[in-house]
Amino acid sequence: MSDRPPHPDRREPTGRESAPVPEPDGPGHRPKPDPQRRNAAYDMFAADAASRALGIELVEAAAGAAVARMRVTEAMVNGHRIAHGGYLFLLADTAFALACNSYGPVTVAAGGDIVFVRPAREGDVLLARAAECVRYGRSGIYDVTVTRDDGAVIAEFRGRSRTLNGA
């Protein structure tokens, strides 16, 4: 039996969860940011040249939660014609970064692990949904589920965050 807490989508609500992140309205949908709901994650993403250069989009960010989207391009597939795991990790890591930076202080990854469940292929649209499991002091734990646009789970990621002193 694992000591890992269950994924937020697979446990009973405690009432302490972050606001749910709305489902996107399908591929190509670009929601208009709501200035009333805008948080530090939007500013961080605007400065994230690496993620944006790969076509990653910020779909939504709320307190401790975020959704990012990416289409797998020909340049992202490996010799087996499936998405290279590094790109899947990058997408999950981006959603993780958006979720843990939504509160405002500069927060960085202290570590991250990924389990690849099934392959993604060129043309697949992937969604990474990040949810805060716990924050304690300057540390946090976040789970990210990467799915295809048809709902099939591609990967599960767990990230550990650390808020920087003086940030």
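**Entry 1: what I am looking at.** I remind myself that this is a predicted model.

**Entry 2: the S1–S2 hairpin.** I started with strand S1 (57–62) and strand S2 (65–71). They form a hairpin with two residues between them. I checked the turn and found that Gly64 has a positive phi of about 75 degrees. The two strands run antiparallel and are joined by five bridges. I wrote down two of the pairs: Ala62 has Ala65 of S2 as its bridge partner, and Ala61 has Ala66 of S2.

**Entry 3: how covered are these strands?** I looked up S1, and six of its six residues are buried, so the strand is largely enclosed by the rest of the structure. S2 is mostly covered too, with six of its seven residues buried.

**Entry 4: the other partner of S2.** I then followed S2 across to strand S4, and the pairing is antiparallel over seven bridges. In that pairing, Met70 stands opposite Leu126 of S4.

**Entry 5: the core.** Which residues have the most contacts inside the largest nonpolar core? The core has 31 residues, and the best connected are Val72, Leu91, Leu98, Ala120, Leu126, Val144 and Val146. The largest share, eight residues, comes from H3. For my own background, I noted that nonpolar side chains in soluble globular proteins tend to be buried together.

**Entry 6: Val146 up close.** I picked Val146 from that list and left aside its neighbours within four places in sequence. Val146 is in contact with Leu91 and Ala92, with Leu126, Leu127 and Ala128, and with Ala152, Val153, Ile154 and Ala155.

**Entry 7: helix H3.** I wanted its length next. H3 has 16 residues and reaches 22 Å from its first C-alpha to its last, close to the 22 Å expected at 1.5 Å a residue. I also listed its buried residues: Leu88, Leu91, Ala92, Thr94, Ala95, Phe96, Ala97, Leu98, Ala99 and Cys100.

**Entry 8: cysteines.** How many disulfides does a search of the whole structure find? It finds zero. Cys100 counts as buried because its relative accessibility is 4%, under the 20% cut-off. Cys133 is partly exposed, with a relative accessible area of 23%.

**Entry 9: Tyr142.** My last stop was Tyr142, which lies in strand S5 (residues 139–148). Tyr142 counts as buried because its relative accessibility is 1%. What does the side chain of Tyr142 make a polar contact with? The partner is the side chain of Glu132, at 3.1 Å. Tyr142 and Glu132 are ten residues apart in sequence, and their C-alpha atoms are 4.4 Å apart in space.

Definitions and conventions: Residues numbered from 1 in each chain as written. Predicted model: local features only at pLDDT ≥ 70, side-chain atom pairs only at ≥ 80, totals over all residues. Heavy atoms only, no water. Helix = DSSP H or I, 4+ residues; strand = E, 2+ residues; numbered from the N terminus. Buried < 20%, exposed > 50% of the residue type's maximum accessible area, 1.4 Å probe, protein only. Polar contact = N/O pair within 3.5 Å; in protein donor to acceptor, adjacent residues only side chain to side chain. Core = buried A, V, L, I, M, F, W, Y, C linked by side-chain atoms within 4.5 Å. Contact = heavy atoms within 4.5 Å. Expected span 1.5 Å × (residues − 1). Disulfide = S-S within 2.5 Å. Pairing = 2+ DSSP bridges.
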